[in-house]
Amino acid sequence: MAGSPEPAASRTSTAGVLLAPADVARVVDRMAHQLIEKAGEQLPDLVLVGIPTRGAPLARRLAARVAAFSGTAVDVGTVDITLYRDDLRMRGVRALEDTVLPAQGIDGRLVVLVDDVLFSGRSVRAALDALRDLGRPRTVQLAVLVDRGHRELPIRADYVGKNVPTSRAQQVRVHLAETDGTDEVLVTEEGSRA
Amino acid sequence: MKRHLLEAADLDRADATLVLDTAAQIDQALAGREVKKLPTLRGRTVVNLFYEDSTRTRISFELAAKRLSADVINFSAKGSSVSKGESLKDTALTLEAMGADAIVVRHSASGAPHRLANWVRGSVVNAGDGTHEHPTQALLDAYTIRHRLGRLDGVRVAIVGDVLHSRVARSNVWLLTTLGAEVTLVAPPTLLPVGVGSWPVGVSYDLDAVLPKADAVMMLRVQAERMNASFFPSAREYSRRYGLDARRMAALPDEAIVMHPGPMNRGMEIAADVADSVRSTIVEQVGNGVSVRMAVLYLLLGGSTR
């Protein structure tokens, strides 16, 4: 929910680069190690479920790194949360994105939701609602690339790539090679932008 | 998207594609789930206002609204104040006052949904008006073709039978051509509308000549209730010239599909063995109808209100 794809225009204002491409790779590697460590013997049960748009490629990357470091292949899925949002009336309708779960489902498994930016927590709440309709995981955890604060709900992340104190007027934009052509995280001052 | 869905021409190519894509995503999201319910339209009210008999369309809209968690009120003209003489406008204003966010209307008078749209603040969805249009049927037909054949652009669709009385045919003509399909109408001259020459379609009187070049054949129901004149000499003759039987089906290209909006007259416009063959998408169409109507309701109601 944090970054809509409009790279060139937003960079002209006071854009600060929070994570450069090499940093993104390093952060993802560290998160993969943490996932392996924390999952322990449950690693084969792990399912990384990305929240579109950018949580989906992020989940795939994490899964690839976990597999590379541990030698254990982990399942990946995506859950579109559009139909579960509580702000549809304010924001208007949007095109839906993929919902794909591994063939074995998520019942009784260790599900880690993956998103790019944790902000109000409302996306995560919607994702939890969606998961409840899709099955009954044993545990649900949350992994985010950037935690920018300003929570509006009692939600916290289990794995955080980078904590960034921000003001509400700022925007945090995550760009990933799969969706935007390059890996980087930017902070921009865009109070006027809706 | 516009606020109402009154006719297929309300949808440009981008909107129509958005509806089909949304329906596909909803299908995907609900596939294999035990709880086939989404919270999207919680607190919204959808009224099914049916002045004409209907089974599948009303149930399909009801199911679509319920799967999106909307509250659904079914209103049929029989057993309501309509039988006491209440007008469409007064009925609509009553429903509006009760807080209907969307009115799904079927009426025997062509244009009734258009009138309704001027009277109420909520969204109006045309579920069939007289011999005019039935846009959600066309959407589910387009969805079915795209699902089966993988595309709509350049697909050759033959619409066969009682085009004159068919709102399904009208909506399909506009929607399918908007989406890039090539439509050919096949019917006896008496069952084609007068202005058909100005439609963006081919016209033929000879089913056997069209079948080898069709990727999808849509058989229309012979509407006995609207047959108030001698449109063809006998049911038997109609069936022999314009009915789809196994012999004719064999003339279709290998991948071609056979469609019917239902309800069918087996043995009349479509033979029983054709209706039950693997080429037939008739049951699939019904299932797709729910997803497509969910997509329509989501796109019309999901966003900001008023």
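Into which domains is chain B divided? Chain B has domain 1 (8–133 + 286–301) and domain 2 (135–285), with bounds that come from an automatic or database domain assignment. Before we walk through them, a word on what you are looking at. This is a predicted model, in which local features need pLDDT of at least 70 and side-chain atom pairs count only at pLDDT 80 or more, while totals for chains, interfaces and linings use all residues. Residues are numbered from 1 along each chain as its sequence is written, and chains are lettered from A and ligands numbered from 1 in the order in which they are written.

Let us start with how the two domains of chain B meet. Their centres, taken over C-alpha atoms, are separated by 25 Å. Across the boundary, 26 residues of domain 1 of chain B are in contact with 22 residues of domain 2 of chain B; contact here means that the C-beta atoms, placed from the backbone, lie within 7 Å. On the domain 1 side, H1, strand E4 (123–129) and H11 of chain B each supply at least two residues. Helices (H or I, at least four residues) and strands (E, at least two) are DSSP runs, numbered from the N terminus. The largest share of that side, seven residues, comes from H11(B). By class, the side divides into 12 nonpolar, eight polar and six charged residues. Ala, Val, Leu, Ile, Met, Phe, Trp, Tyr, Cys and Pro count as nonpolar, Asp, Glu, Lys and Arg as charged, and the others, Gly among them, as polar.

Now follow H11(B) itself. The axes of helix H5 (residues 135–149) of chain B and H11(B) come within 8 Å and cross at roughly 115°. Such axes are lines fitted to C-alpha atoms, for helices over the stretch in contact, and angles run from 0 to 180 degrees between N-to-C directions. Among the residues that make this contact are Leu139(B) and Tyr143(B) of H5(B), and Asn288(B) and Val292(B) of H11(B). The contact has five nonpolar, six polar and three charged residues.

Helix H1 (residues 13–30) of chain B also packs with helix H11 (residues 282–301) of chain B, their axes coming within 8 Å and crossing at roughly 115°. Here the residues that meet include Leu18(B) and Ile26(B) in H1(B), and Val292(B) and Leu299(B) in H11(B). This contact has 10 nonpolar, two polar and one charged residues.

Next, some positions from a record. An unreviewed UniProt entry lists Lys84(B), Arg167(B) and Arg221(B) under "binding site"; such annotations may be inferred rather than shown by experiment, and the positions are given in the numbering used here, with feature names shortened. The three are spread over 138 residues of sequence and, in space, up to 32.3 Å between C-alpha atoms.

Arg167(B) sits in helix H6 (residues 167–178) of chain B. It counts as buried because it has 23 C-beta neighbours inside 10 Å. A residue is buried if 20 or more other C-beta atoms lie within 10 Å of its own, exposed if 12 or fewer, and partly exposed in between, with C-beta atoms placed from the backbone. Arg221(B), with 19 such neighbours inside 10 Å, therefore counts as partly exposed. Arg221(B) lies in the loop between strand E8 (216–219) and helix H8 (235–242) of chain B.

Finally, look at where the chains meet: 16 residues of chain A are in contact with 18 residues of chain B. The chain A side divides into eight nonpolar, two polar and six charged residues.
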